[in-house]
Amino acid sequence: FFFFNFCGGGVFFACPRVKNLFCRKKKRKIQISGHVTTGGTEGNLEGIRAGISRFGPESKTLTIYSDQTHASVPKVCETQLRTPTAIVPSLPNGQMDPERLAEVIDVSRNVLSHDKYVLVATIGTTFKGANDDVAALTRAMESVGVNRREDVHVHVDAALNGGFWNLIEDGRAQRLRIGHEIDSLSMSSHKWHGGFVGGVIIMANPADTAIEVPYLGFTDRMASGSRDGMVAPKWHARLRQFDWLEEFRRCEANAHLLLEALRERGIAAHRNDPGVIVVFPKPSDAFCDRFQLAAHGDLAHVCVMPHVSEQIVGAFLEELDHDEGGETVRRMREAEFDW
């Protein structure tokens, strides 16, 4: 299944259990390849670089992402790729706003003369767990005269939700196939599947950016040189360790349990569907520290991962009820936020 290189280059990714999550071929011939990466940052770097390389230096390419995009995206654009970028405002629930995307592209085409685009969509934004509507974003681009197939490379950062996305077959998860709706996808192994740090990048019809390294006898196709070749078989083993659809169903049920319990207390709480992140007004600092809650401004969230049981949710709620003699719940109840 794998070809390892412990000293440099990359690890070619050919594991069907992961690859088939997003690679569903039609009759149109598509070359799909990928690599195990050191994590989501390298995956996003390679996905965006693939789009820029595809259009070539003769094009004026603009990389677009939302204000909810993971910090690794602007980091690699500014420090490594040095590519022009534009940030699209998000909707209250954290999704990229299609109407604002159309406005950004319209201005970039008619004022700044950009003619090609790398669009970075997210499946499970870091804080709100939002899933960008790729179909709506595609329609928005086409509404201002952009040819999706010829002028746009759609890269998806599927850091967390990508692990369970294509396991959901009830219609809630939009269909995302590499080489069709999207062109590249980065996913982190250490988020949903857990157990070790790593990731994967999968691309359709990638441009040839390989560099020959004679002293290694190896073709280097990735940004990172030395890497742990054992990540690939570890991930393969991890995929076989559990019934991941059942794990997702249990996490989602516990996330719904927490969501409804907070709402029963009069607290404005929300969850993007499908997903396992519950967002609510920020409790006291002491409570956030005790439960290691991630907070951003006046909001906090809980990622209901496989280790979170009903008992843990119950203990969380019981301590919340008694925090600061009930004052924390009272303040959270008075706080509101748009969704």
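Predicted model: local features only at pLDDT ≥ 70, side-chain atom pairs only at ≥ 80, totals over all residues.
Axes here are lines fitted to C-alpha atoms, for helices over the stretch in contact, and angles run from 0 to 180 degrees between N-to-C directions.

The secondary structure of the protein amounts to 11 helices and 14 strands. Its radius of gyration is 21 Å, close to the 20 Å that the globule rule gives for 339 residues, so the protein is as compact as a globular protein of that length. The C-alpha trace extends over about 65 × 50 × 40 Å along its principal axes. Of the 339 residues, 53% count as buried. Among contacts with a separation of 6 or more, 70% come from residues 24 or more positions apart.

Two helix pairs are taken up next. Two packed helices are described by the angle between their axes and the distance between the axes. Helix 2, covering residues 40-55, packs against helix 3, residues 72-81, at an angle of about 60°, and their axes are 9 Å apart. Helix 2 and helix 3 are therefore oblique to each other, since an angle under 35 degrees would be needed for roughly parallel and one of 65 to 115 for roughly perpendicular. The crossing of helix 2 past helix 3 is right-handed. On the helix 2 side, the residues that meet helix 3 are Thr41, Asn44, Leu45, Ile48, Arg49 and Ile52, and their counterparts in helix 3 are Ser72, Val73, Lys75, Val76, Cys77, Gln80 and Leu81. Sorted by class, this contact of helix 2 with helix 3 has 7 nonpolar, 4 polar and 2 charged residues.

The second pair joins helix 8 (residues 244-264) and helix 10 (residues 310-322), whose axes come within 10 Å and cross at roughly 20°. That angle makes helix 8 roughly parallel to helix 10. Here, too, the handedness can be stated: helix 8 passes helix 10 in a right-handed crossing. Asn254, Leu257, Leu258, Ala261 and Leu262 of helix 8 meet Glu310, Val313, Phe316, Leu317 and Leu320 of helix 10. By class, the contact of helix 8 with helix 10 comprises 8 nonpolar, 1 polar and 1 charged residues.

With a relative accessibility of 5%, Asn254 counts as buried, because the cut-off for buried is under 20%. Apart from neighbours within four places in sequence, Asn254 is in contact with Val304, Val308, Ser309, Glu310 and Val313.

Val154 belongs to strand 6, residues 152-157, and counts as buried at 1% relative accessibility. Residues up to four places away in sequence aside, Val154 touches Leu119, Val134, Arg148, Glu181, Ile182, Asp183 and Ser184. Between Val154 and Ser113 there are 20 Å in space, C-alpha to C-alpha, and the two are 41 residues apart in sequence.

His114 sits in the loop between helix 4 (98-110) and strand 5 (116-122). Its relative accessible area is 10%, so His114 is buried. Leaving out neighbours within four places in sequence, the contacts of His114 are Lys60, Thr61, Leu62, Pro84, Ser108 and Arg109.

Key
Residues numbered from 1 in each chain as written. Heavy atoms only, no water. Helix = DSSP H or I, 4+ residues; strand = E, 2+ residues; numbered from the N terminus. Parallel < 35°, antiparallel > 145°, perpendicular 65-115°, else oblique. Left-handed = near helix turned anticlockwise from the far one by under 90°. Contact = heavy atoms within 4.5 Å. Nonpolar A, V, L, I, M, F, W, Y, C, P; charged D, E, K, R; others polar. Buried < 20%, exposed > 50% of the residue type's maximum accessible area, 1.4 Å probe, protein only. Rg over C-alpha atoms; globule rule 2.2 N^0.38 Å.
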